[in-house]
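I opened this entry to keep a plain record of what I looked up, in the order in which I looked it up.

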Amino acid sequence: MKFYFPTLALTGTLIFALGSSAQAQSLQGQDVRVDYLFDNQSTVYQTLGTQTVTASGVTYNSFGQTDYLVTPAQIKITDVFGSDILFTPATFNGISATESGSTPSMITGVSIDAATNLTGFDTSRISFNSTQVFINLQSLTTTPETTVLLNLQFGRTPTTPEPGSMALLVGMGISGAGFLVRRKQSRKSA
């Protein structure tokens with residue numbers, strides 16, 4: 001009887017290890033779509049495109065005036081127009097960055113980097129969910145020297161083991177049970 005407990009403990013450990021693999025911890029290799037939203041958070045004014053994020057990042061542009069650089073762990077906004085840009089007042093005037101890959105990275109936080117120097121930009125202008133970040137610039141004015149830099153944090157979610165892994169675990173359980181039966185029968189014979 002003392003031989004079957006370690007077999008069950010080992011099987012339980014393998015199930016936990018195979019069932020808790022982590023998802024990507026950055027946007028690198030993920031498809032990200034950026035939309036310009038105006039005059040509310042659910043109205044797409046302009047689709048800026050979908051790109052696969054590389055190690056150095058990918059850049060989107062709205063109206064030839066503002067660049068949005070999405071890197072594996074940051075979103076950077078810069079004024080490339082050469083003069084001041086006023087983001088007109090509205091319920092929402094800004095962008096959404098949406099992760100659209102098949103295995104999302106699970107965004108768990110967005111913070112403002114110390115390099116941000118846009119007057120009036122604070123955490124009230126950022127909202128997010130597990131696959132999307134919204135940045136509201138309404139009523140703010142950028143200059144050629146303006147930078148908005150956001151740091152993204154990511155989390156994990158448990159995944160279901162692949163069918164092949166499950167077959168391996170079931171096979172281990174069956175062979176462990178066979179070992180127990182044989183072990184008990186050999187004890188009775190003795």
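Predicted model: local features only at pLDDT ≥ 70, side-chain atom pairs only at ≥ 80, totals over all residues.

Entry one, a strand pair. I began with E8 and strand E12, which spans residues 147-154, and I found that the two run antiparallel and are joined by five bridges. Within this pair I noted that Gly109 stands opposite Gln153 in E12.

Entry two, the sheet around the pair. I then traced the order E3-E4-E5-E12-E8, in which five strands form an open sheet with antiparallel pairing. Strand E3 (58-62) and strand E8 (107-112) stand at the edges with a single partner strand each, so I wrote down that one side of each has no neighbour in the sheet. From one strand to the next, the twist averages 20°.

Which residues line the largest pocket? I listed several of them, including Tyr36, Phe38, Tyr45, Phe63, Gln65, Leu86 and Asn93, and I recorded that strand E1 (31-39) and strand E6 (85-86) are the elements that give two or more residues to this lining. The space in the largest pocket comes to about 160 Å³. Sorting its lining by class, I have seven nonpolar residues, five polar and no charged ones.

Note on methods: Residues numbered from 1 in each chain as written. Heavy atoms only, no water. Pairing = 2+ DSSP bridges. Helix = DSSP H or I, 4+ residues; strand = E, 2+ residues; numbered from the N terminus. Axes fitted to C-alpha atoms, helices over the stretch in contact; angles between N-to-C directions. 1 Å grid on protein atoms, 1.4 Å probe; cavity = no way out; pocket = protein on both sides within 12 Å on 5 of 7 lines; lining within 4 Å. Points joined across faces, edges and corners; volume = space filled by probe spheres on them. Nonpolar A, V, L, I, M, F, W, Y, C, P; charged D, E, K, R; others polar.
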